[in-house]
Each structure stands twice: as structure tokens, then as C-alpha cells.
Amino acid sequence: MIDWFYQGAQGVAVIGGLLALTLGLIGRLPSLVSLSPLAITALGLIVQAFITIGVLASGNTAKGDVIEFYGYLLTALLVAVGAGLWSLAERSKFSTIILGSANLTVAIMLYRMWQIWHG
């Protein structure tokens with residue numbers, strides 16, 4: 001994992017999560033404002049997968065279990081995509097709250113991935 005990339009993805013996930021939770025609590029429906037941070041985070045997870053494949057191919061390795069790392073990566077991506085699809089299917093204030101919760105869940109999973117990678 002590249003630290004600056006991790007920190008950027010973590011920042012987008014946390015800020016997007018807090019923003020979506022706030023918007024959901026005041027009754028706003030899902031919009032580009034609440035959905036975009038989750039989409040950026042999901043894109044970041046895909047890029048992270050390719051980065052770590054390249055790092056592993058170059059001979060570096062994680063201090064923890066690489067399979068566990070990729071398990072977290074895949075699960076975080078599924079959470080992000082699932083919440084995004086849910087918000088598009090059911091357009092209510094609760095969907096916006098789900099977007100925020102999903103972003104914060106992905107942020108926690110990103111932190112755990114960082115712990116696995118760096119030991």
C-alpha cells in the first residue's frame with residue numbers, strides 16, 4: 001500500500017461518510033453530492049487492487065496475510081457498490097444514511113488493510 005494513496009482514500013471515505021450522514025439526517029435524498037464520494041472511494045479501491053498487485057509482482061510483500069488483505073479489499077468494494085446501487089434503487093433519506101454508513105465502513109476497512117500491510 002502506498003501511504004499517500006491510502007491517506008487520500010481514507011480522507012474521501014471519512015469526509016464523504018460524514019457528509020452523507022448529515023444530509024440523510026436533515027432529510028435529503030441521494031444525489032451526486034452524497035453518491036460521488038462513495039463512487040470515488042470505490043474507484044480508489046479498484047486502483048488500490050492494481051497498485052498492490054504491482055507491488056507484490058515487484059517483490060515486495062505485506063507484513064500480514066496477503067489473502068486477508070485482498071479479502072478486506074473485495075469486501076470493501078462490495079460494500080461500496082452495494083450501497084451505491086441501493087441508493088439508486090430506493091431513493092429516500094434512509095438511502096443517504098446508508099451511503100454515509102457505507103463510506104465510514106469502507107474507511108474502517110481501509111484502516112484494517114493498512115494495518116495488515118504494514119504490520
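Is Y6 buried or exposed, going by its relative accessible area? Y6 is buried, at 10%, where buried means under 20% relative accessible area, exposed means over 50%, and partly exposed is in between (1.4 Å probe, protein chains only).

This is a predicted model, so local features need pLDDT of at least 70 and side-chain atom pairs count only at pLDDT 80 or more, while totals for chains, interfaces and linings use all residues. Residues are numbered from 1 along each chain as its sequence is written, and side-chain values use heavy atoms, with hydrogens and water left out.

**View 1. Q48 and its contacts.** Look for Q48 in helix α2 (residues 32–57); helices here are DSSP runs of H or I with at least four residues, numbered from the N terminus. Q48 counts as buried because its relative accessibility is 2%. Skipping its neighbours within four places in sequence, Q48 touches M1, F5, L73 and M113, with contact meaning heavy atoms within 4.5 Å.

**View 2. W4 and F5, an edge-to-face pair.** Rings of Phe, Tyr and Trp (its six-membered ring) pair if their centres lie within 6.5 Å; planes under 30 degrees apart are stacked, over 60 edge-to-face, and the rest tilted. That rule gives five aromatic pairs. One of them joins W4 and F5, at 5.9 Å centre to centre with 85 degrees between the planes. W4 is exposed at 63%, whereas F5 is buried at 17%.

**View 3. Y6 and W114, a stacked pair.** Their centres are 5.8 Å apart and their planes 20 degrees. Y6 belongs to helix α1 (residues 3–25) and W114 to helix α4 (residues 93–118), so this pair links distant parts of the chain, 108 residues apart. W114 is partly exposed at 27%. Ring pairs also tie Y6, Y111 and W114 into a cluster.

Key. Helices (H or I, at least four residues) and strands (E, at least two) are DSSP runs, numbered from the N terminus.
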